[in-house]
Amino acid sequence: MKEDFLHFLWKNKLFEPANPVTTDGEPIDIVSVGRHNIHAGPDFFDARIRIGKTLWAGNVEIHLRASDWNRHNHHLDPLYRNTILHVVSENDGVVYNNAGASIPTLQIGWPLWVEYNYKALMQQHDWVNCASQLNKIDPFRIRFFLNGLAIERLQQKIGAIEKLLEGSKGDWSETFYLFLSRSFGFRQNGDPFEMMARSLPLAVLQKHHDQLFQLEALLFGQAGLLGDLLYEEEHPVALRREHEFLSLKYGLKPIPGHLWKFMRMHPLNFPTIRLAQFAGLLKSCGALFPTVIRMETVNDYRSLFRTETSGYWDNHYTFLKTSPYQKKEMGEESFQLILVNVLVPFLFLYGELNNKPELKERALKILEELPSENNTILRHWASAGISAFNALESQALIHLHHEYCEPKKCLECSIGQKLITHSA
């Protein structure tokens, strides 16, 4: 049995005996089990426990064996001085804090049916442990759980934005530009897209926001895609000359062009097309972040992001090689990915930090209005009986899979907890 199982028992008061006593025979009344701590230090903070006639307030540490206390050097660590109870499944010795005071110990057991349910769940070899048992869970409970998971996933994305915001010294526009740039590269070219953006300050682009040709010259030049080749076409030659002039003017240094990936990609996802689309977006909206904050509907954002590229790209996917005529505006799937992964978390965070709850509500409403993504994870969930009705639920199911199912954190999952505590 693992230690996290004991944490689960303690947190949910599922341990035995029902009327516990310390290993010294003192009766125990657990007023509050405390707050579960997932960081360094005792396992549960701020517990309130009556031992004998005294009500104690402090921390609880849990181990499989009492001797694990010394094995983990808690007897030397001042973080554990305020431990008021040591909970173990095997009592193999008295333990002391770093001040030399003995710690009351509670040896616990648990109902066999709880252990049976836990092992039955953890020993499954399905796509997710609970796949064959999901029909036991009330669908309303699942939907309620998904709402919380969607917020968890949103907070996870917000964390990455906060780091960028700190690095840009609170400049929301520059932070949005960097985060959006990475998103334009999607999974394959996110890194070089962000590197390119870092080499090209937003302030420089804004000076040329009304000139699509100059925006393309700056973006493709800083991307390292104009290079030293002697192009035979007028457009790339002109772009290279313009970039040479602008890079000298602003002291710009491009990134290596070999970083970009083209292999095994649909031509519409080529970095050249994404850069051209990014230039079109910047041309249509000089003050990008303020504009995004003001917009209110999905259609407003769709109109902003589905701008056209320059005419050159109507019959090109890369430089020098012509292709059949096709407008290269951003597709609906790509637009929705950017909306979900960039615009929604930015709206939510900006609303949170600037006391604008209406922006947080708008962010969640956008997720509810967008259709569910369609990927392998969501198809697996659907085959197991849980279909996402919108992007809010699909984001929640993706988060559930990545953060709970893959690392097998069933004890921390509302669905897993219900299955384990189901006493049929």
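Lys 253 is exposed in this predicted model, with a relative accessible area of 68%. That value is over the 50% cut-off for an exposed residue. Lys 253 sits in the loop that links helix H9 (234–250) to helix H10 (271–284). Beyond its neighbours within four places in sequence, Lys 253 is in contact with Ser 199 and Gln 222. Trp 313 lies 60 residues away from Lys 253 in sequence. In space, the C-alpha atoms of Lys 253 and Trp 313 are 25 Å apart.

Gln 222, one of the contacts of Lys 253, belongs to helix H8 and is buried. Helix H8 spans residues 212–222. Of its 11 residues, 10 are buried, so H8 is largely enclosed by the rest of the structure. The buried set comprises Leu 212, Gln 214, Leu 215, Glu 216, Ala 217, Leu 218, Leu 219, Phe 220, Gly 221 and Gln 222. These buried residues pack against four helices: H6 (186–198), H7 (202–206), H9 and H10. After H8 comes Gly 224, which has a positive phi near 75°.

The strands are considered next. Strand E3 (residues 44–51) and strand E4 (residues 54–65) run antiparallel and are joined by six bridges. Ala 47 has Gly 58 in E4 as its bridge partner. E3 and E4 form a hairpin, with two residues between the strands. Gly 52 lies in the turn and has a positive phi of about 65°.

E4 also pairs with strand E5 (residues 83–90). Here the strands run parallel, again with six bridges. Arg 65 is bridged to Glu 90 in E5.

Ile 30 is paired with Ile 49 of E3. Strand E2 (residues 35–36) is joined to E3 by two bridges, also in an antiparallel arrangement. The bridge partner of Arg 35 in E3 is Phe 45.

Two helix pairs were examined. Two packed helices are described by the angle between their axes and the distance between the axes. Helix H4 (residues 139–167) and helix H5 (residues 172–184) have axes that come within 9 Å and cross at roughly 125°. That angle makes H4 oblique to H5. The crossing of H4 and H5 is right-handed. On the H4 side, the contact is made by Lys 157, Ala 160, Ile 161, Leu 164 and Leu 165. On the H5 side, the contact residues are Trp 172, Thr 175, Leu 178 and Phe 179. The contact between H4 and H5 contains seven nonpolar residues, one polar residue and one charged residue.

Helix H12 (residues 298–305) packs on helix H13 (residues 332–353) at an angle of about 115°. Their axes are 11 Å apart. The crossing of H12 and H13 is right-handed. H12 contributes Val 298, Tyr 301, Arg 302 and Phe 305. These residues meet Glu 332, Phe 335, Ile 338, Leu 339, Leu 343 and Leu 347 in H13. The contact of H12 with H13 divides into eight nonpolar residues, no polar residues and two charged residues.

Several backbone features complete the description. Glu 16 and Pro 17 are joined by a cis peptide bond, with omega at about 5°. Pro 17 is placed in the loop between helix H1 (3–11) and strand E1 (28–32). Asp 46 is not a glycine, although its phi is positive, at about 55°. Asp 46 lies in strand E3. Its relative accessible area is 45%, so Asp 46 is partly exposed.

Lys 169 is another residue other than glycine with a positive phi, here near 60°. Lys 169 falls in the loop between H4 and H5. Lys 169 is exposed, with a relative accessible area of 81%.

Terms used. Residues numbered from 1 in each chain as written. Predicted model: local features only at pLDDT ≥ 70, side-chain atom pairs only at ≥ 80, totals over all residues. Heavy atoms only, no water. Buried < 20%, exposed > 50% of the residue type's maximum accessible area, 1.4 Å probe, protein only. Contact = heavy atoms within 4.5 Å. Pairing = 2+ DSSP bridges. Axes fitted to C-alpha atoms, helices over the stretch in contact; angles between N-to-C directions. Parallel < 35°, antiparallel > 145°, perpendicular 65-115°, else oblique. Left-handed = near helix turned anticlockwise from the far one by under 90°. Nonpolar A, V, L, I, M, F, W, Y, C, P; charged D, E, K, R; others polar.
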